[in-house]
Amino acid sequence: MTSHDRFLGREERHLTVIPPVDDAAVTRDRALIDRLWNIDITRKVTILLALGLIWELGVLSSNVSDQVMPTASATLAAFGEGLASGAIQTAAWNSIKTLLSGYGIGLAVSSVFVSIAVAWRFGTDMLTTLSAMLNPLPAIALLPLAMIWFGLGKGAIIFTLLHSIVWPVSLYAMTGIRGISPTLKMMGRNYGLRGPRFILLILLPAAFPTIISGLRIAWAFAWRTLMAAELVFGGQVSGGGFAGAEAGNSGGLGWYIFRSQMENQTASVFAGLLAIIVIGIFVENVLLRGVERLTVERWGMTRSGS
Amino acid sequence: MNVERPEYVVERIERPTDIDISIKRSALAQFLDREITRKAAVLLLVAITWELYVRIGDVNALLFPGFLETCAALWELILSGEIFRKAYYSFRILAFGYPIGILLAAALIVLASSTRIGRDFLGLITSIFQPLPAIALLPLATIWFGFGTSSLVFVTVHSIVWAVALSTVAGFAAVGRTMVMVGENYGVTGIKLIRLVLVPAALPSILTGLRIAWAFAWRTLIGAEVIFGAVSGEGGLGGMVFENSDWLRTDAVFATLVVIILIGLAVENLVFINIEKMTVRKWQA
């Protein structure tokens, strides 16, 4: 008796190798339609087509005037027509141009604010109090004031946009910076970083996930504010009869919708809405997602695909 | 082999009594260090700078009223009760729109969590409508419902449904598989599963959705009222902003803005924080 046997105290056991399973026996052929249905995109396209069909048939059968509710095909036709004549592109480009100048200035202003706040404790108090106070104020409520100060023009819209960008971005950036672990900050100090280099190399990357949420919220608010502002200008034209407001407004998508509504071209209203949706999806899913992928995801700060 | 070592006795050191390590700070320094003092100081500073800017800079009060003038205008609006009437008008629309939006979102979510096609449907429709500013629907709403409360309710509902649906579905998707299986083990299915397992587990993100929905709805409502103010001259707080600025009663405009800010702060810091305290924080989720 070897010591090994004494230890186990039981009989030797041999494992029998189980032969591999025949693949054909367990796999099941599924009908082509079944397999197609399992692809996400097929189902979504089907739903989209079904919705379009319901819309089309619903409008056709209910006999409502096309000034109240155009059919899906009429909307697409109006969209195509708007694209062909270039009216939609011009309107979209005008909106985007205004938004970009507002967004750019807004980011510059809030980065100055945040830098001051980071360097100086009273600055921190100042920025957190002001942004907490002014963030809940809908930017559009400032538009009437802006129109008094800057006239019916681009200046008024950009001022309003600034308000909808600066506070959320500053608020989120401050929250992100406060959440940075002291170890990271001390490491930066250890490397002898201070001032702008400290902000740029340590604070900004570490707070970037939160800053991106701020950028997202700011974009959403700014886009909504811009549309509302263009509609208010439209209202001014029809209500107060301000001549030249179209030029001042430079004819963005909101104005396109408003004008189409005034001219009772409801199909064009829908086409304008479609253009707004397309731009919104592009900015959120391509631009902002792209920034996220290039920064925080590449740096391994968040899970991808969440 | 044993190693013999001398006994090791720990000598207790008495707590020193004759050294005071606390730093003496003046009452003023302690007072200044409190957060509330610092914030109040900031507000005071802003008010003083504002007033001084208007007084010294000799700014036209029609364009930019001072702090005191704004306060006076606010007091007048409170005395005449106008501000309460307008705030009530705005709140009534929210009181209609918010529950309708939540009910619609709930119906969509029940549909989405019971069937796969429902989930696809909700995913598709939210990704279409979420990027569409509700305010852009206002021209359509005026075609359908005219200039009135129904149009305002319509755009408010639109700004609520998608935000709530999106974050609720995301919250449901993040609920652990184990948690759902525990529920199923108890024989809980369908709507009961949603109510008893998914909703409590996903409540943090549902609350986030409700918060975002409130933020969008409030902005949309004020925006819509400003536009209606421009077109037809009626409405709540937003309409009041527009009307007063049209008459160059800038101090009343400022006063209304202050009220809008106060309402926004109150809802965010009193309503939502308390709901959170009563639910999520109590459950330690």
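This is a predicted model: local features need pLDDT of at least 70, side-chain atom pairs count only at pLDDT 80 or more; totals for chains, interfaces and linings use all residues.
1. Residues are numbered from 1 along each chain as its sequence is written, chains are lettered from A in the order in which they are written, and side-chain values use heavy atoms, leaving out hydrogens and water.

2. Contact (heavy atoms within 4.5 Å) joins 5 residues of domain 1 of chain A to 7 residues of domain 2 of chain A.

3. About 470 Å² is buried between these two domains of chain A, with 71% from carbon and sulfur atoms; buried area is the accessible area (1.4 Å probe) that two parts lose on being put together, summed over both. On the domain 1 side, Trp55(A), Glu56(A) and Val59(A) supply 94% of the area buried against domain 2 of chain A.

4. On a 1 Å grid over the protein atoms alone, a cavity is a set of points where a 1.4 Å probe fits but cannot get out, while a pocket is an open set with protein on both sides within 12 Å along at least five of seven lines; lining residues have an atom within 4 Å of a point. The second largest pocket has a volume of about 1,400 Å³, a volume being the space filled by probe spheres set on the points, which are joined across faces, edges and corners.

5. That pocket has 34 lining residues, and those closest to its centre are Leu130(A), Met133(A), Leu134(A), Val46(B) and Trp50(B). Helix 12 of chain B gives the most to this lining, 7 residues, where helices are DSSP runs (H or I, at least four residues) numbered from the N terminus. The lining of the second largest pocket divides into 29 nonpolar, 4 polar and 1 charged.

6. There are 3 cavities of 30 Å³ or more. The largest cavity, about 170 Å³, is lined by 18 residues, with Ala139(A), Phe221(A), Arg224(A), Thr225(A) and Arg219(B) nearest its centre. Helix 12 of chain A gives the largest share of that lining, 4 residues.

7. Arg224(A) also lines the second largest cavity, alongside chain B residues including Phe129(B), His158(B) and Trp162(B). This second cavity holds about 80 Å³.

How values were computed
Helices (H or I, at least four residues) and strands (E, at least two) are DSSP runs, numbered from the N terminus. Ala, Val, Leu, Ile, Met, Phe, Trp, Tyr, Cys and Pro count as nonpolar, Asp, Glu, Lys and Arg as charged, and the others, Gly among them, as polar.
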